[in-house]
Amino acid sequence: MADEVAIEAVIFDLDGTLLDTETAATRIIERLLKQFDKPYPWEVNRSVIGLRDDVWPNKIITALDLHMHMTPAMLLQEWKREMRANMPSVPLLPGADRLTTHLHLAGIPIGLGTSSSTEGVAVKRAANPTLFSRFSAIVCGDHPAVINGKPAPDIFLMVAKELGVSPTSCLVIEDSPFGVEAALAAQMWAVAIPDPRVGHEPFHHAHAVYNSLNDFDLTRWRLPPF
């Protein structure tokens, strides 16, 4: 498998993979729903991880029968407002700085393929300028060439195109099953770093699963070791 291919580029997901935005996002939605005495079950939360902003609000509204209380647009607007306020305090996930720094200094092109909107990524970039400076290509969920979001391959294929690398020579690092499906649909190598609450089982189709970016095995993928 990995010893049969030379990885020429690494593509990262952003939320839940490099930035611990999923924790902040969950707490914000929980607060927003509390005013309607509605819980935010983990099953619903898990079902929207990795989806675009034009998809996940409607899924939550429908799953929790919130149509009488708010529209998807209202939920998204309030969520964005609170996320902007919280972003400066959102930490990098373990290993994110170390791995992206190492690959960048080793001359391995790294890209970012995220379902987040351009507006959302701008807020995250402002709070993490050093991290974002390492990416040679950044493709957001609302990129004009991205017709379908994850689990469709559009986002990752566009990153590979902007990096000038064949999709089959790209390694994708993701935290969501939708993201892994998108990487596989793009004919890329897929590595999963699951949320501990999700576990490894939903990622049986990934080429490798690690508990943390600190566990990422560079030598398995024939990448320069630390």
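S116 touches D15, V121, K124, C140, G141 and D142, where residues up to four places away in sequence are not counted; contact means heavy atoms within 4.5 Å. S116 sits in the loop between strand 2 (110–113) and helix 6 (118–127). Helices (H or I, at least four residues) and strands (E, at least two) are DSSP runs, numbered from the N terminus. With a relative accessible area of 9%, S116 is buried. Buried means under 20% relative accessible area, exposed over 50%, and partly exposed in between (1.4 Å probe, protein chains only).

The model is predicted: local features need pLDDT of at least 70, side-chain atom pairs count only at pLDDT 80 or more, and totals for chains, interfaces and linings use all residues. Residues are numbered from 1 along each chain as its sequence is written, and side-chain values use heavy atoms, with hydrogens and water left out.

The arc is that of the directions from the helix axis to the C-beta atoms.

An α-helix has 3.6 residues a turn, so residues three or four places apart point the same way.

In helix 5 (residues 96–105), the buried residues are A96, L99, T100, H102 and L103. Their arc, seen down the axis of helix 5, is within 160 degrees, so they line one face of the helix. Strand 1 (9–12), strand 2, helix 7 and strand 4 (170–174) are included in what covers them.

Helix 3 (residues 56–63) has W56, P57, I60 and I61 buried. Seen down its axis, the buried residues of helix 3 fall within an arc of 135 degrees, so they too line one face. Their cover includes helix 1, helix 2 (42–48) and helix 4.

**Helices packed on helix 4**

Helix 1 (residues 21–34) and helix 3 each pack against helix 4 (residues 72–86). In the table, axes are lines fitted to C-alpha atoms, for helices over the stretch in contact, and angles run from 0 to 180 degrees between N-to-C directions.

| Pair | Angle | Axis separation |
|---|---|---|
| Helix 1 and helix 4 | about 130 degrees | 10 Å |
| Helix 3 and helix 4 | about 120 degrees | 8 Å |

Helix 1 and helix 4 are therefore oblique to each other. Angles under 35 degrees count as roughly parallel, over 145 as roughly antiparallel, 65 to 115 as roughly perpendicular and the rest as oblique. Helix 1 passes helix 4 in a right-handed crossing. A crossing is left-handed if the near helix is turned anticlockwise from the far one by less than a right angle, and right-handed if clockwise. On helix 1 the contact is made by T21, A24, A25, I28, I29, R31 and L32, and on helix 4 by L75, E78, W79, E82, M83 and N86. Sorted by class, this contact has eight nonpolar, two polar and three charged residues. Here Ala, Val, Leu, Ile, Met, Phe, Trp, Tyr, Cys and Pro count as nonpolar, Asp, Glu, Lys and Arg as charged, and the others, Gly among them, as polar.

The crossing of helix 3 with helix 4 is right-handed. W56, P57, N58, I60 and I61 of helix 3 meet P72, L75, L76 and W79 of helix 4. By class, the residues of this contact are eight nonpolar, one polar and no charged.

K80 also belongs to helix 4. K80 and I28 are 52 residues apart in sequence but 9.5 Å apart in space, C-alpha to C-alpha. Leaving aside neighbours within four places in sequence, K80 is in contact with D53, S117 and E119.

**Backbone details**

D65 lies in the loop between helix 3 and helix 4. Its phi is near 55 degrees, a positive value in a residue other than glycine. At 54% relative accessibility, D65 counts as exposed. R222, in the segment after strand 6 (208–209), has a positive phi of about 55 degrees and is not a glycine either.

K150 and P151 are joined by a cis peptide bond, with omega about 20 degrees. P151 is in the loop between strand 3 and helix 8 (154–163).
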